[in-house]
Amino acid sequence: MNSKGLLVVVSGPSGVGKGTVCAEYVKKHDDCALSVSATTRAAREGERDGVNYYFIGEDEFVKKINEGGFLENAVFCGNRYGTPKAPVLKMLEEGRDVILEIEVQGAMQVRSSYPEGVFVFVLPPDMKTLEQRLRGRNTESDEVIEKRLSRAKEEFNFIEKYNYVLVNDAVENAVRKLGEIIKAEKCVMARNYEYIKKEFLS
């Protein structure tokens, strides 16, 4: 069967728990890795280069954009963020699955440059639960939370661009469902056609 890894792009509104779901999945699967993003912002205390982010300068970042070195990139709060292409493609060729946990804007860029990726949108059970999760973090003002909820409604308009929706009702259930999606995608005929052609149709 196809030995190439899957690129799994996971998006969802702030507070939905997508980061936790992705991290828990990777913890349980040695053949899967979380992509490390590059950024021009300074490293925070405890962050390590190549682990939390690749920390690079503005000039180097722009050079990489011009060379097509990112699967996607965006500016957020005055800093640049992007997914370096080379390490992701290397892991995929080695047969490892790679999860990109990125915003909708970045996911749409990846969809254009790497359409064979698997695109998963994580939803809360309902808007009330999403608001409760955001407030439960106790890290943001009411104004910021309202902005995040408004942004979530805008992001929902992109759901039809994704292959799957995954409701994060409980982390354990969501991790299991993500695993089922990845298993199913590995059995898709189109992904295995070269193997089928070689072994059975020649």
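# Strands, helices and their labels

Mentor: In this predicted model, β1 and β7 pair in the parallel sense over four bridges.

Trainee: What makes β1 and β7 count as a pair?

Mentor: Two strands pair if DSSP finds at least two bridges between them.

Trainee: How many bridges join β2 and β7?

Mentor: Three bridges, in the parallel sense, and β7 covers residues 97-101. Leu34 stands opposite Ile99 in β7. Ala33 stands opposite Val98 in β7.

Trainee: Why is β7 called largely enclosed?

Mentor: Four of its five residues are buried, so the rest of the structure largely encloses β7. Buried means under 20% relative accessible area, exposed over 50%, partly exposed in between (1.4 Å probe, protein chains only).

Trainee: Which order do the strands of this open sheet follow?

Mentor: The order is β2-β7-β1-β8-β9, five strands with parallel pairing.

Trainee: What makes β2 and β9 edge strands?

Mentor: β2 (32-34) and β9 (164-167) each have a single partner strand, so one side of each is left without a neighbour in the sheet. Neighbouring strands here are turned by 25° against each other on average, direction ignored. Helix α7 (residues 171-186) packs on this sheet and touches β1 (7-11), β7, β8 and β9. Its direction makes about 160° with that of β9. Axes are lines fitted to C-alpha atoms, for helices over the stretch in contact; angles run from 0 to 180 degrees between N-to-C directions.

Trainee: Which strands make up the open sheet with mixed pairing?

Mentor: Four strands, in the order β4-β3-β6-β5. In this sheet, β3 (residues 38-39) and β6 (residues 79-84) run antiparallel and are joined by two bridges. The cut-off is at least two, so β3 and β6 pair. Thr39 has Tyr81 in β6 as its bridge partner.

Trainee: What makes the length of α6 close to the expected one?

Mentor: α6 (residues 142-155) has 14 residues and reaches 20 Å from first C-alpha to last. The expected span is 1.5 Å times one less than the number of residues, and for α6 that is 20 Å.

Trainee: Why do the buried residues of α6 line one face?

Mentor: Ile145, Leu149, Ala152 and Glu155 are buried. Seen down the axis, they fall within an arc of 115°, so they line one face of α6. The arc is that of directions from the helix axis to the C-beta atoms. They pack against α4 (104-113), β8 (118-123) and α5 (127-136); contact means heavy atoms within 4.5 Å. On the other side, Glu143, Lys147 and Lys153 are exposed.

Trainee: Why is Lys198 called exposed?

Mentor: Lys198 has 62% relative accessibility. The cut-off is over 50%, so Lys198 counts as exposed. Lys198 is in helix α8 (residues 193-201).

Terms used
Residues are numbered from 1 along each chain as its sequence is written. This is a predicted model: local features need pLDDT of at least 70, side-chain atom pairs count only at pLDDT 80 or more; totals for chains, interfaces and linings use all residues. Side-chain values use heavy atoms; hydrogens and water are left out.
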